Amino acid sequence: MAMGTALLGLFALLLGCSGTSAEARDSERFAPRKCALTGNWVSNQGSKMVISDSDNSGVFSGSYLTAMAATNNTIRPSPLQGVQHQVDQRAQPTFGFTINWSFSESITVFVGQCFLDGDGEEQLKTTWLLREEVESVAKDWGATRVGTDTFYRTK
């Protein structure tokens, strides 16, 4: 009888552990999804961007192919360098990146946040400043443009 009780106790203990493990798996499955910058993106203007994995400090790189440019030069992909906020691995991180245009004498900086919409789809909401080179301080007044873009993950 004592042996049967001991076996029942062991069986109950094993079932309890199994339940805990199943609960852990369920909590992982239903954990809030995190927005990730890594991957391919297209903007509401049609520009295409590829972002590589970030390192442990949040630094990332990639390339950007603009769909809009005020130049007669051939548009080519341009390198981008950025950093994302890494504290506590936020579900919807803030980030910033710089593009050094390979076809013109200008630089653009973007700042933004990665959001998950109601359907769990990722989007990057950004504000940018584009600075073009001008010949003199007299022309400085029109050398910086400001705008916004929303990027959507491409499949």
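This is a predicted model: local features need pLDDT of at least 70, side-chain atom pairs count only at pLDDT 80 or more; totals for chains, interfaces and linings use all residues.
**Disulfide**

The whole structure contains one disulfide. The bond joins Cys-35 and Cys-114, whose sulfur atoms are 1.7 Å apart. The torsion about this S-S bond is about -60°, so the disulfide of Cys-35 and Cys-114 is left-handed. Cys-35 sits in the loop between helix 1 (2-29) and strand 1 (39-43), and Cys-114 belongs to strand 6 (residues 106-116), so the pair ties together parts that are 79 residues apart in sequence. Cys-35 and Cys-114 are both buried.

**Aromatic pairs**

A pair of aromatic rings is described by the distance of the centres and the angle of the planes. Eight aromatic pairs are found in a search of the whole structure. One of them is formed by Phe-60 and Phe-97, with 6.5 Å centre to centre and 65° between the planes, an edge-to-face arrangement. This pair links distant parts of the chain, with Phe-60 in strand 3 (residues 59-65) and Phe-97 in strand 5 (residues 94-100), 37 residues apart. Both Phe-60 and Phe-97 are buried.

Another pair consists of Tyr-64 and Phe-151, whose ring centres are 6.1 Å apart with planes at 75°, so this pair is edge-to-face. Tyr-64 is in strand 3 and Phe-151 in strand 8 (residues 144-153), so the pair links distant parts of the chain, 87 residues apart. Tyr-64 has a relative accessibility of 3% and therefore counts as buried. Phe-151, with a relative accessible area of 0%, is buried.

Ring pairs join these residues into a cluster, whose members are Phe-60, Tyr-64, Phe-95, Phe-97, Trp-101, Phe-103, Phe-110 and Phe-151.

**Salt bridges**

Side chains of opposite charge can pair when their charged atoms come close. The structure has four salt bridges, including those in the table.

| Residues in the salt bridge | N to O distance |
|---|---|
| Arg-153 and Glu-122 | 2.5 Å |
| Arg-131 and Asp-140 | 2.5 Å |
| Glu-135 and Lys-139 | 3.0 Å |

In the salt bridge of Arg-153 and Glu-122, Arg-153 lies in strand 8 and Glu-122 in strand 7, so the pair ties together parts that are 31 residues apart in sequence. Arg-153 has 24% relative accessibility and therefore counts as partly exposed. Glu-122 has a relative accessible area of 8%, so Glu-122 is buried.

For the salt bridge of Arg-131 and Asp-140, the accessibility of each partner can also be given. Arg-131 counts as partly exposed at 36% relative accessibility, and Asp-140 is partly exposed with a relative accessible area of 33%.

In the salt bridge of Glu-135 and Lys-139, Glu-135 reaches 67% relative accessibility; exposed means over 50%, so Glu-135 counts as exposed. Lys-139, at 45% relative accessibility, counts as partly exposed.

**Largest pocket**

The largest pocket holds about 490 Å³ of space. The lining of this pocket comprises 22 residues, and those closest to its centre are Thr-66, Met-68, Ala-69, Ala-70 and Leu-130. At least two lining residues come from each of strand 6, strand 7 (122-132) and strand 8. Sorted by class, nine lining residues are nonpolar, eight are polar and five are charged.

Note on methods: Residues are numbered from 1 along each chain as its sequence is written. Side-chain values use heavy atoms; hydrogens and water are left out. A disulfide is a pair of cysteine sulfur atoms within 2.5 Å. Helices (H or I, at least four residues) and strands (E, at least two) are DSSP runs, numbered from the N terminus. Buried means under 20% relative accessible area, exposed over 50%, partly exposed in between (1.4 Å probe, protein chains only). Rings of Phe, Tyr and Trp (its six-membered ring) pair if their centres lie within 6.5 Å; planes under 30 degrees apart count as stacked, over 60 as edge-to-face and the rest as tilted. On a 1 Å grid over the protein atoms alone, a cavity is a set of points where a 1.4 Å probe fits but cannot get out, and a pocket is an open set with protein on both sides within 12 Å along at least five of seven lines; lining residues have an atom within 4 Å of a point. Grid points are joined across faces, edges and corners, and a volume is the space filled by probe spheres set on the points. Ala, Val, Leu, Ile, Met, Phe, Trp, Tyr, Cys and Pro count as nonpolar, Asp, Glu, Lys and Arg as charged, and the others, Gly among them, as polar. A salt bridge is a side-chain nitrogen of Lys or Arg within 4 Å of a carboxyl oxygen of Asp or Glu.
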